[in-house]
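Please open the model in your viewer and keep the selection tool at hand. The stops below proceed from one selection to the next.

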Number of protein chains: 2
Amino acid sequence: MAATARTITRSAQPFNLDAFVTRCTSDVNAALDHFLPSEKVKPATIHKAMRYSLFAGGKRMRPALVLAAAHACGGATGPALPLACAVECIHTYSLIHDDLPAMDNDDFRRGKPTNHKVFGEGMAVLAGDALLTQAFEVAAQCQGWPRYSHQRIILELAQASGSLQLVAGQVADLEGEGKKLTVPELRYIHERKTSALLCCSVRLGGMSANCTPRQLEALTDFGYHVGLAFQVIDDILDITQTSEQLGKTAGKDIAAQKATYPAIVGLEKSRKIATQLTTKAFAALKPFKGRATALEALANYLLKRDR
Amino acid sequence: MAATARTITRSAQPFNLDAFVTRCTSDVNAALDHFLPSEKVKPATIHKAMRYSLFAGGKRMRPALVLAAAHACGGATGPALPLACAVECIHTYSLIHDDLPAMDNDDFRRGKPTNHKVFGEGMAVLAGDALLTQAFEVAAQCQGWPRYSHQRIILELAQASGSLQLVAGQVADLEGEGKKLTVPELRYIHERKTSALLCCSVRLGGMSANCTPRQLEALTDFGYHVGLAFQVIDDILDITQTSEQLGKTAGKDIAAQKATYPAIVGLEKSRKIATQLTTKAFAALKPFKGRATALEALANYLLKRDR
């Protein structure tokens, strides 16, 4: 995330987002390094390939949402970390597979050559597979609660990542190329491709803090809207920013004839929709009565980001 | 498995393996059909692709091992079924990805065109991803015990399938092509590519029956040796059988310059090794005192199979 100091003052006390994100990234990176086999462990190639993409300088937005949600529910970072790492493993696997020639065929990601460009297609498929598997191994190492058992947490993660959610979004995205989609059809894709895992992130954060059912409901509502806003912004940035600014190939959506909000309703209306969705996300945080400052700041950042 | 009646009489009472396997297959197929979204569920293509490979007429050997191990420990089929389905999902995902052009580039599997030949490469990658994810969703629906919690069961499945075991085997297999390997190097591949998931299958079966630590140890020993024997036989069949007999491309190992037991030590010695490994597997079953008839019969079948 941007290195400039950014404070928002919606809540009583100002919140330093940069400090929060820096701390988050440092904690999550240390935990990921702890959970993943080192590059020296045999077979070295697969661990190099997994770590190459996992430590390629991602924004760690999903882990930050996990930790922020845990804090909003009165929880600590420690118990939330395995779940923060698990969603980041899922996210990274999905990017590696999505970048493959048979899918989006992308050569750059986060300003670096994509996994298959460095390690070859076969190894990139395996690195994605291994990270997806690792996600469940890491998630299973979380602390359970009577209300949020390991069984429930694994089901939560698997369902958000499976054929009805994350994978469904990729499928619909792939099948939608070159077709003229309606806004509801596009929203169907966004809900699954992006919103499902973001929503799962805040829910898992809440669960790690043994949140109340009412808090979980509020987090679900928040995650759903932030996820949709995030994807609308992503579509906008694909048009308005350069490849250098994004660290990945810009203008890909138009080249691949992908349906996007800007393509269907125009840039101005898309920006309006993203703002409206973020407003709904803010409204969902009401039950936290000012204790969800990190979540608020993250939603605000995601709306205003430029990469 | 072969339809001919086959009984073995190592134990006190004869055991009808065909009846056991037929019953297993029927139970596992019904359970898989129950756990997986139907082909009508949106996005239909992914569920068609997942089911295409899952119901392509596989031998259901791993599920049979799960159920047989559960029975050996005094357990019933019901509690073992989610775990039997989970290992079959893992096995099927690994075949779909292994058959991809970037990996083994195989056009036929179980006598039918491979997944990517029917659904395209992108969809085949996603179908594998979805099946891998589904495995954890299904496994999490098993019944836990104080000794074998959901946490422990998920860790078991994830570790057997991850970058140190199943994926490691694929990686080493891929990297070993065209190289002259030693017997220990080849065994390293077999232990991971095949033995890990077979061993995990019998262990999970035992866990579903709340087995004793001593039983679990015996199952581990059995699964390890049966897994190694299975892969040696697979290598032999690749040379001695036709593509029609195998339902997949025969002679692939030689074409891909893969190291195999027959290539390193010859056919005769390979057959001897497979028999020795199976004998060790039988010996591991001693603590069950005649209650592991199904496991014995399966090990015997796997040694003598012709496809």
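The model is predicted: local features need pLDDT of at least 70, side-chain atom pairs count only at pLDDT 80 or more, and totals for chains, interfaces and linings use all residues. Residues are numbered from 1 along each chain as its sequence is written, while chains are lettered from A and ligands numbered from 1 in the order in which they are written.

Now select the interface. Here 41 residues of chain A are in contact with 41 residues of chain B, contact meaning that the C-beta atoms of two residues, placed from the backbone, lie within 7 Å. The elements of chain A that give two or more residues to this side are helix 2, helix 6 (121-139), helix 7 (150-161) and helix 8 (166-176); helices (H or I, at least four residues) and strands (E, at least two) are DSSP runs, numbered from the N terminus. Helix 6 of chain A gives the most, with 11 residues. Because 100% of the interface residues of chain A are also interface residues in chain B, the copies meet through the same surface.

Move to helix 8 of chain A, where 9 of the 11 residues are buried. A residue is buried if 20 or more other C-beta atoms lie within 10 Å of its own, exposed if 12 or fewer, and partly exposed in between, with C-beta atoms placed from the backbone. The buried residues of helix 8 of chain A pack against helix 4, helix 7 and helix 9 (183-208) of chain A, together with helix 2 (44-54) and helix 6 (121-139) of chain B. Just after helix 8 of chain A, select Gly178(A), which takes a positive phi of about 80°.

Finally, select helix 1 of chain A. Its buried residues include Leu17(A), Cys24(A) and Leu32(A). The face turned away from the buried side of helix 1 of chain A carries the exposed residues Ala19(A), Ser26(A), Ala30(A) and His34(A). Among the elements of chain A against which the buried residues of helix 1 pack are strand 2 (15-16) and helix 15 (293-304).
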